[in-house]
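Keep the picture open while you read.

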Amino acid sequence: MALLSVRNLHARVGDKDILKGINLEVGAGEVHAIMGPNGSGKSTLASVLAGRDAYTVTQGEVLLDGKPILELAPEARAAEGVFLAFQYPVEIPGVGNLHFLRTALNAQRRVKGLEELDAMDFLQLAKEKSKLVQLDQAFMNRSVNEGFSGGEKKRNEVFQMAVLEPRLAILDETDSGLDIDALRTVAGGVNGLRSPQRAMVVITHYQRLLDYIVPDHVHVMAAGRIVRSGGRELALELEEKGYGWLGLDGARR
Amino acid sequence: MTSGLTRYVDVATRFQAREAAVPAWLARMRQEGLAHFARLGLPTTRDEAWKYTNVAPIADGAFAPVSSVRDAAELAAVVARLALPGPRLVFVDGRLAPELSSVEGLARGVSLKPLRDAWAEDGAWLAEELGQRALAAEHAFTALNAALLEDGAVLRLAPRALSETPVQLLFLSRGDAPVLASPRVLVVAGEGSEATLVETYASVTGGSGPTFTNAVTEVTLGDNASLKHYRLQSEGDSALHVGGLHVRQGRDSRFASHSFALGGALARTEVQVALMGEGADATLNGLYVGRGTQHLDQRTALDHAVPNCTSRELYKGVLDDRARGTFHGLVRVRQDAQHTDARQQNRNLLLSEHAQADTRPQLEIFADDVKCAHGAAVGRLDAQALFYLRSRGIPRAEAERLLTYAFARELVEAVPEGPVRASVEGLLAPRLPGAARTEVAA
């Protein structure tokens, strides 16, 4: 059974249809890349999977380990193991980065019937996980993402992922706004979190990220549908030829 | 309203007859207070200063002062919970409870006395000082407080006296009778002296009836004196409260007011600061947190009368359910007050569709070489931030609480770490969204 099954998913925002029948099966241990031009619906798919309420699902279903999740609140999906690394992580002044993350981890642990971590144990865990993305201790004590550079925000997302250990990680354009060094660090962190129990969906506009996070499968989205799927070589083909050769104009009709 | 006025006049007249054994100057002050009150009448929403606050619950209630403190001993546990380490006076329904009070540990040159002791021991001095900052002729509730003057506290700092431990005044309302409490506080800080004063207003669990506290605090700061003043108003859900804080600052003096208005069905806090000596600095911080049908009204007035003074004002409101919060902040810069530097901010967070915030920042500037800025905002919790927190597994109520606390935090953190901060946090926590909705008495 696939870890993530997306079946005939349709979604809209306001009266505008954005997703028009997405089908996607992601197995445990697999990394899938979703590519496509701007406006193809990639970020909408990420948001719908995470449960953002601005989007209305009009058809289809999403199963996590065979269990439907579309009816669940975002926090319940997170407890089931869904993690979205945001394209634009929100700055939250006044909420300490570590306090926020401990609150999140403990909320998830409560749902799972696990004992909550006290401040000391959590600090230990956070220190260990922060090494993965070389996140400085100083960032942990600041307000969530407040005043962070683009690269720091993305590293913070991967750091949160490392602490929360999701079943399904969705990375929404994690490469956007990163220089090559930051990209390597972030990708290195993500690679460190690859595991046979975890699935990853990497959404990206450019092939560049996939030099560092090598996907098992590549899908191309256009106009709310997946128009082509293949192995990692598909990404290279896209890099070479652009999106035009796929006949995406046809897909838009 | 007229019947309300008549009833209060009647109550005050009977009180003055009953409590007649006082010095002549005090009897006269009471009588004048009563005369001013009768002339001014209870305010209505037609009065500009009371446009957003209808005092009908105060006018309609059968409130009267009590004649003695009953069963003070049973309050020891409540006092233990709310008391800060250090000297304190405790008042129950407006009357001093000596057995719950202790003025041990006062620093040299610092005197903290119950008002009655002060009028017995320093009558001539008190007669000169009392009623100088809070003017009965101009304010109905100040006049009513003067008419019913009987208990309170006098904090006096000798020149250069330094009181490192906060001095606390704890005012408890019982709520098992419609009691009217009229505490009066006087602070006179000599040149170069320094102190921290905490006024805590709380209800005693168990009483469910309405109480009415009409408090007046007067502060005079000598040259280069410094006072940190904390006002923690966290009475029960049926309490009515009007509180005035009137401050006059001398040259190079520093005054910081931290007002936390958290409780009460109807609560109004007025802070008036007159900067009368060059180089004086005033900070006015305020946080008001309302839910249910609470009505919380803050009014501040900063009067820059002389050159080279600074003022900083930050008030924030958090309003849930059908609560209503109002802020009116006046900064007046007189013609002579060149080089004034004044900043005022009011920000409000609405947590429900039905909560309401009215904000009226107001600048009156008659000098030309000044720096003055003000701003006001009313907003809701940021939907993106809320989703971000929830996407990490934090349940909605907890996420709302986190974001609300983040909004309020600036004002909590303006309180230096220590027992006062802990007390503020302890009173605030049950008032934030997601906390149990039972009547929280303190």
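## A residue tucked away in chain B

Thr269(B) counts as buried, because its relative accessibility is 3% and the cut-off for buried is under 20%. Bear in mind that this is a predicted model.

Where does Thr269(B) sit? You'll find it in strand β13 (residues 266–275) of chain B. If you set aside the neighbours within four places in sequence, Thr269(B) is in contact with Arg231(B), Gly243(B), Ser259(B), Ala261(B), Asp297(B), Gln298(B) and Arg299(B).

## Over to chain A

Chain A has nine helices and twelve strands. Its radius of gyration is 18 Å, close to the 18 Å that the globule rule gives for 253 residues, so chain A is as compact as a globular protein of that length. Along the principal axes, its C-alpha trace spans about 55 × 40 × 35 Å.

Of the 253 residues in chain A, 55% are buried. Now take the contacts in chain A between residues at least 6 apart in sequence: 70% of them join residues at least 24 apart.

How confident is the predictor? Chain A averages a pLDDT of 92, and 97% of its residues score at least 70.

| Element of chain A | Mean pLDDT |
|---|---|
| helix α2 (residues 74–80) of chain A | highest, pLDDT 98 |
| helix α9 (residues 248–252) of chain A | lowest, pLDDT 47 |

Terms used:
Residues are numbered from 1 along each chain as its sequence is written. Chains are lettered from A and ligands numbered from 1 in the order in which they are written. This is a predicted model: local features need pLDDT of at least 70, side-chain atom pairs count only at pLDDT 80 or more; totals for chains, interfaces and linings use all residues. Side-chain values use heavy atoms; hydrogens and water are left out. pLDDT is the predictor's confidence in each residue, from 0 to 100. Helices (H or I, at least four residues) and strands (E, at least two) are DSSP runs, numbered from the N terminus. The radius of gyration is taken over C-alpha atoms; the globule rule is 2.2 Å times the number of residues to the power 0.38. Buried means under 20% relative accessible area, exposed over 50%, partly exposed in between (1.4 Å probe, protein chains only). Contact means heavy atoms within 4.5 Å.
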